[in-house]
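Please work through the exercises below with the sequence and the model at hand. Each task is followed by a worked solution.

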Amino acid sequence: MSAPRTPAEAERAWLTRSAAYASMAVALLLVGMKLWAVWHTGSTAMLGSLADTALDLVASLAALAGVVIAARPADATHRFGHGKAEALAAMFQVVLITLSAFGLGARSVGQWLDGGRVEGAEAGIAVSVLAIAATLALIAWQRHVIARTGSLAISTDHLHYKSDLALNLAVIAALVLDRYLNVAGADPLFGLGIALWLGWSAWRAAGAAIDHLMDHEWPEERRKQFLAVLARHPELRGVHDLRTRTSGAKDFAQFHAAVDPQMTVAEAHRLMDELEARIEAAFPGVEVLIHPDPEGLVRAEGEELLPDRC
């Protein structure tokens with residue numbers, strides 16, 4: 001049986017779904033326009049932009065699936081929730097971007113060797129300008145959603161469309177240079193540059209997704225802030241074995257808390273409740289697991305030094 005969603009979780013689910021649907025709508029529009037432009041121009045740079053947009057559409061579907069599954073509350077078979085679905089969706093997107101980069105790079109080299117030129121540059125430029133306008137609108141909404149939710153799947157999708165702005169500008173430059181300034185090889189050269197850009201984007205996007213899947217620790221600064229919150233409780237004698245991770249939008253932390261050996265079980269339980277309340281106030285939504293230890297009984301190698309108690 002699933003736990004009910006909190007209002008914050010329901011809002012996050014709505015925001016991430018809206019961003020995924022908007023992404024799909026923009027991708028469908030751009031695919032149609034760029035198909036027409038490729039047919040009219042024969043441009044490799046435009047073909048690369050089309051390939052990237054087509055993959056954006058597939059990636060948007062993956063993002064939608066990821067955020068829908070990740071929004072499901074914890075249940076009997078997924079006690080920690082479904083947050084990693086976003087990381088899986090992000091990794092799927094990374095694979096698609098990488099394949100697109102290799103294919104476009106090969107196409108660019110082939111056209112450069114053949115010496116092909118573009119035609120109907122006006123159509124390609126017009127489509128690219130419209131694509132930039134639609135992409136800017138989508139990016140603005142995605143930025144709002146990411147700021148409110150921190151969604152990894154939407155962040156990766158956002159990266160695609162940010163790169164699309166550069167891609168469309170590159171297409172315009174390639175068409176102008178090749179068609180109007182008669183610069184031979186400009187179109188395949190820009191196509192190769194787009195391929196390298198896609199590869200670099202995939203490399204960057206993979207890092208965050210892998211961190212989530214591998215239960216990477218929180219950033220050091222955030223861990224220090226967490227310990228500082230704990231240190232403000234006068235009855236806490238020490239902390240060791242602090243472990244942190246993030247799954248989707250959900251943060252998890254667990255640690256051993258050293259307490260006065262003379263405390264009763266009831267007093268230790270009261271202290272744990274107070275620590276959890278302080279953590280929740282400073283880190284809303286974090287799921288905490290605390291194990292109390294009598295001070296001096298455990299001296300672990302992983303002991304954390306609380307601020308001002310060194």
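The model is predicted, so local features need pLDDT of at least 70 and side-chain atom pairs count only at pLDDT 80 or more, while totals for chains, interfaces and linings use all residues. Residues are numbered from 1 along each chain as its sequence is written, and side-chain values use heavy atoms, with hydrogens and water left out.

**Exercise 1.** Describe how helix 7 and helix 8 cross.

Solution. Helices are DSSP runs of H or I with at least four residues, numbered from the N terminus. Step one: the axes of helix 7 (residues 220-231) and helix 8 (residues 265-282) come within 9 Å, crossing at roughly 140 degrees. Axes are lines fitted to C-alpha atoms over the stretch in contact, and angles run from 0 to 180 degrees between N-to-C directions. Step two: Phe226, Val229 and Leu230 of helix 7 meet Leu275, Arg278, Ile279 and Ala282 of helix 8, contact meaning heavy atoms within 4.5 Å.

**Exercise 2.** Is serine 18 buried or exposed, and which residues does serine 18 contact?

Solution. Serine 18 lies in helix 1 (residues 7-41). Its relative accessible area is 16%, so serine 18 is buried (under 20%; exposed is over 50%, partly exposed in between, with a 1.4 Å probe and protein chains only). Beyond neighbours within four places in sequence, serine 18 contacts Trp141 and Val145.

**Exercise 3.** Characterise the surroundings of alanine 27.

Solution. Alanine 27, also in helix 1, is buried at a relative accessible area of 0%. Residues up to four places away aside, alanine 27 touches Thr53, Asp56, Leu57 and Tyr161.

Technical notes:
Helix = DSSP H or I, 4+ residues; strand = E, 2+ residues; numbered from the N terminus.
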